[in-house]
Amino acid sequence: MGENASFWESLIYAHPTCTTWKREAEGSIYHLASILFVVGFMGGSGFFGLLYVFSLLGLGFLCSSVWAWLDVCAADIFSWNFILFAICFVQFIYVTYQVRSVSFDKEFQELYSSLFQPLGISLTVYRKIVLCCDAEVVTLEKEHCYAMQGKTPIDKLSLLVSGRIRVTVDGEFLHYIFPLQFLDSPEWDSLRPTEEGIFQVTLTAETDCRYVAWRRKKLYLLFAKHRFISRLFSILIGRDIAEKLYALNDRVHVGKGFRYDIRLPNFYHVALPETPTLQPSYHLQRRSPRRKPLGITNCSPFSSRS
């Protein structure tokens with residue numbers, strides 16, 4: 001203990017204390033360096049936040065190097081500040097290269113600006129999402145089917161980039177799918193990762209369409225590696241399903257002009273005129289959000305087209 005105490009005492013008290021302080025202020029270069037350090041440490045996160053931090057800190061260390069060379073005339077102070085300036089400069093160049101290397105095709109860039117950037121998704125995260133779909137945009141020609149009822153397996157998740165998709169069930173029109181909406185979000189949400197299924201609706205291109213498709217297994221592997229991306233897609237898919245439910249709600253009514261409320265259970269029986277009035281019986285069964293409730297008539301003037 002005595003040796004440790006003597007070490008700390010020599011470290012603290014060995015140096016002479018300041019008996020007199022300089023009355024003259026340091027030069028403007030020193031104060032400029034201090035201001036740059038204060039502003040630089042206020043930087044944010046992400047690529048552009050790093051560029052902001054390294055650029056201002058690099059300028060601050062450069063000013064400190066100039067101050068040490070001209071005013072202090074201390075080689076060690078100059079050396080350390082210049083080394084730190086060089087490190088910040090190299091980091092700035094590296095981050096700039098990364099930003100320039102993260103580039104996408106026009107459609108993926110527009111998709112990022114419209115859907116992902118407003119949610120605060122960085123380019124690095126978006127790049128992982130794009131690479132998961134092999135950075136490919138698929139074309140679907142007019143009147144071609146993306147999925148056929150009872151035939152097409154559910155093995156991917158697709159997002160419409162341009163065009164319009166018509167959704168029908170048993171030849172009856174349900175709703176449209178517009179750009180920046182998922183084509184198969186209800187089917188995706190209805191299955192667990194280990195389950196398999198087939199489409200219960202038919203999806204037909206009303207116009208020439210372009211969409212991005214993620215293979216089911218590959219996307220689940222991405223979710224397992226990056227939980228943030230999993231939560232992101234969960235939010236996007238949930239919002240998309242809600243929009244489809246409201247689209248159905250606007251087109252159906254329950255007799256006598258009453259509009260069907262999506263907050264009601266999916267199944268109920270309507271009493272026939274010839275039979276005594278019965279209390280509605282509710283069956284809690286899991287169904288796809290695209291399926292219409294029984295006993296509901298379509299108020300849409302549209303009819304299905306082959």
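## A polar contact at Asp184

In this predicted model, the side chains of Asp184 and Tyr146 are joined by a polar contact of 2.7 Å. Asp184 lies in the loop that runs between β5 (172-177) and α7 (185-190), and because its relative accessibility is 1%, where the cut-off for a buried residue is under 20%, Asp184 counts as buried.

## Packing of α2 against α3

Helix α2 (residues 28-40) and helix α3 (residues 46-72) have axes that come within 8 Å and cross at roughly 160°; since angles over 145 degrees count as roughly antiparallel, α2 and α3 are therefore described in that way. The crossing of these two helices, α2 and α3, is left-handed.

On the α2 side, the residues making the contact include Ile29, Leu32, Leu36 and Phe37, while those of α3 include Tyr52, Leu56, Phe61 and Trp67. Sorted by class, the contact of α2 with α3 holds 16 nonpolar and 3 polar residues, with no charged residues.

## Packing of α6 against α9

Helix α6 (residues 123-132) packs with helix α9 (residues 227-249) at an angle of about 75°, and their axes are 11 Å apart. This angle falls in the range of 65 to 115 degrees, so α6 and α9 are roughly perpendicular to each other.

From α6, the residues Val125, Lys128 and Ile129 meet Phe228, Ile229, Leu232 and Phe233 of α9. By class, this contact of α6 with α9 comprises 6 nonpolar residues and 1 charged residue, with no polar ones.

Notes: Residues are numbered from 1 along each chain as its sequence is written. This is a predicted model: local features need pLDDT of at least 70, side-chain atom pairs count only at pLDDT 80 or more; totals for chains, interfaces and linings use all residues. Side-chain values use heavy atoms; hydrogens and water are left out. Axes are lines fitted to C-alpha atoms, for helices over the stretch in contact, and angles run from 0 to 180 degrees between N-to-C directions. Helices (H or I, at least four residues) and strands (E, at least two) are DSSP runs, numbered from the N terminus. Angles under 35 degrees count as roughly parallel, over 145 as roughly antiparallel, 65 to 115 as roughly perpendicular and the rest as oblique. A crossing is left-handed if the near helix is turned anticlockwise from the far one by less than a right angle, and right-handed if clockwise. Contact means heavy atoms within 4.5 Å. Ala, Val, Leu, Ile, Met, Phe, Trp, Tyr, Cys and Pro count as nonpolar, Asp, Glu, Lys and Arg as charged, and the others, Gly among them, as polar. Buried means under 20% relative accessible area, exposed over 50%, partly exposed in between (1.4 Å probe, protein chains only). A polar contact is a pair of N or O atoms within 3.5 Å; within protein, one must be able to donate a hydrogen and the other to accept it, and residues adjacent in sequence count only if both atoms are side-chain atoms.
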